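Subject: Structure handover and notes

Hi,

Here is the structure for you to look over. Please open it alongside the notes that come after it.

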Amino acid sequence: MTAAESPRPGPPLGVPIEVVGEDRGWDRVRAELRSAGSVLLHARLAEWYPGVSSTAELRSLLGDDWSCYLSLAHPDLRVQHAASRMLLKHAARVVCHDGRGSSELGYGPTGRPYLRGCDEIDISLSHADGLMVVGLTTRGLIGVDVERADRQVYGKGLGRHICTPYELVTLSHLPERERNGSLIRLWTLKEAYSKAIGQAMKFRFTEFGFAPDGGPVRVQRPDGSLGDSDEWAFSSVVLDSGYRVSAAVFDASAVRGGREWAAVAAPGGLADPTGRPIPRSDDPAPGPLP
């Protein structure tokens, strides 16, 4: 596993904790959430698909997620949905109820999940090729993203939709063998941030960037200058299994009004990582930064 990049200046983010079934790793998850306010965990999808003998049993386990499960036409998507909900439900029991009882998931207007009865904890989920990643925080907002670190994306035109002009130049100056991995890093960091903010975000990935790998994960404007992001922390790491995991955490305590302010302001009052306010859904999309 590569060392996690420094998440400063925002709240601390540790390396993702591997959980195996309902027994291994969960004590560390609970302890890190309590001590640091945020925790990342990862698990194999195959370990969390419920082993049931009947449709009725599966329906009972999924609870309110049953209708969504039925709406998925592809069998692989159904397996992915069921496994991820089992993981999230167990995470809820561990962090909200000390491993006892049951926890149903709720969903916001954009489909973002939350833990019913645990309003103080924000969650985010991502999965790729059989690996699931979950982020939890009591600090404010969290987003996570995972992708195979060796997925070939560089040279297929994706970079111009993901990168700022400065990032494109920086990538082109890297040794050829490093360009694809660096693009995956940028992509997952931006996906993680977009998940933390939610669907109300109106700016494009080409309008904010990240400092190159090897140092603190800092937000940059399109020209490469540093943005104003003291309330945000970002982290990115490659697991031994070959997956790139990136995370973004918004620390509501660093902003006037705390978590309640963040919850109300998220659709239109938060600033993007470069310091510019995010427009409300009825505002026009922003033009280029000056």
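Below is what was found, topic by topic.

**Ground rules**

This is a predicted model: local features need pLDDT of at least 70, side-chain atom pairs count only at pLDDT 80 or more, and totals for chains, interfaces and linings use all residues. Residues are numbered from 1 along each chain as its sequence is written, and side-chain values use heavy atoms, with hydrogens and water left out.

**Overview**

The chain has eight helices and 11 strands. These are DSSP runs numbered from the N terminus: helices are H or I with at least four residues, strands are E with at least two. Of the 290 residues, 52% are buried. Buried means under 20% relative accessible area, exposed means over 50%, and partly exposed is in between (1.4 Å probe, protein chains only). Now take the contacts with a separation of 6 or more: 61% of them link residues 24 or more positions apart. Contact means heavy atoms within 4.5 Å.

**The sheet**

Four strands make an open sheet, in the order β1-β2-β6-β5, with mixed pairing. Strands count as paired if DSSP finds at least two bridges between them.

Strand β6 (residues 131-137) runs antiparallel to β5, and seven bridges join the two. Within this pair, His127 has Met132 as its bridge partner, and Ile123 stands opposite Leu136. The β5-β6 hairpin has two residues between the strands, and Asp129 there takes a positive phi near 50°.

β6 is also joined to β2 by seven bridges, again running antiparallel. Here Leu40 is partnered with Gly135.

How many of the residues in β6 are buried? Seven of seven. Leu131, Val133, Gly135 and Thr137 point one way, while Met132, Val134 and Leu136 point the other way. In a regular strand the side chains alternate between the two faces of the sheet.

Helix α1 (residues 26-36) lies across β1, β2 (38-44) and β6. The helix runs at about 160° to β2. That angle is between N-to-C directions, on a scale from 0 to 180 degrees, with axes fitted to C-alpha atoms (for helices, over the stretch in contact).

**Val144**

Val144 sits in strand β7 (residues 140-148). Val144 counts as buried, at 0% relative accessibility. Not counting residues up to four places away in sequence, Val144 touches residues including Leu40, Val133, Val134 and Gly135. Ala192, Lys195, Ser246 and Ala247 are also among the residues that Val144 touches. Ser235 is 91 residues from Val144 in sequence, yet the C-alpha atoms are 9.5 Å apart.

**Salt bridges**

The whole structure holds 11 salt bridges. The criterion is a side-chain nitrogen of Lys or Arg within 4 Å of a carboxyl oxygen of Asp or Glu. Side chains of opposite charge can pair when their charged atoms come close.

- Arg93 and Glu22 meet at 4.0 Å, N to O. Arg93 is in helix α4 (residues 75-97) and Glu22 is in the loop between β1 and α1, so the pair ties together parts that are 71 residues apart in sequence. Arg93 is buried, at 18% relative accessibility.
- Asp64 and Arg116 have their closest N and O atoms 2.8 Å apart. Asp64 is in the loop between α2 (55-62) and α3 (66-71), and Arg116 is in the loop between β4 (113-115) and β5, so this pair ties together parts that are 52 residues apart in sequence. Asp64 is partly exposed at 47%, and Arg116 is partly exposed at 40%.
- Asp27 and Arg30 pair at 3.2 Å. They are three residues apart in helix α1, about one helical turn. Asp27 is exposed at 59%, whereas Arg30 is buried at 17%.

**Arg179**

A polar atom of the Arg179 side chain lies 3.5 Å from the backbone oxygen of Leu171. Leaving aside neighbours within four places in sequence, Arg179 is in contact with Tyr154, Leu171, Ser172 and Leu174.

Best wishes

Terms used
Polar contact = N/O pair within 3.5 Å; in protein donor to acceptor, adjacent residues only side chain to side chain.
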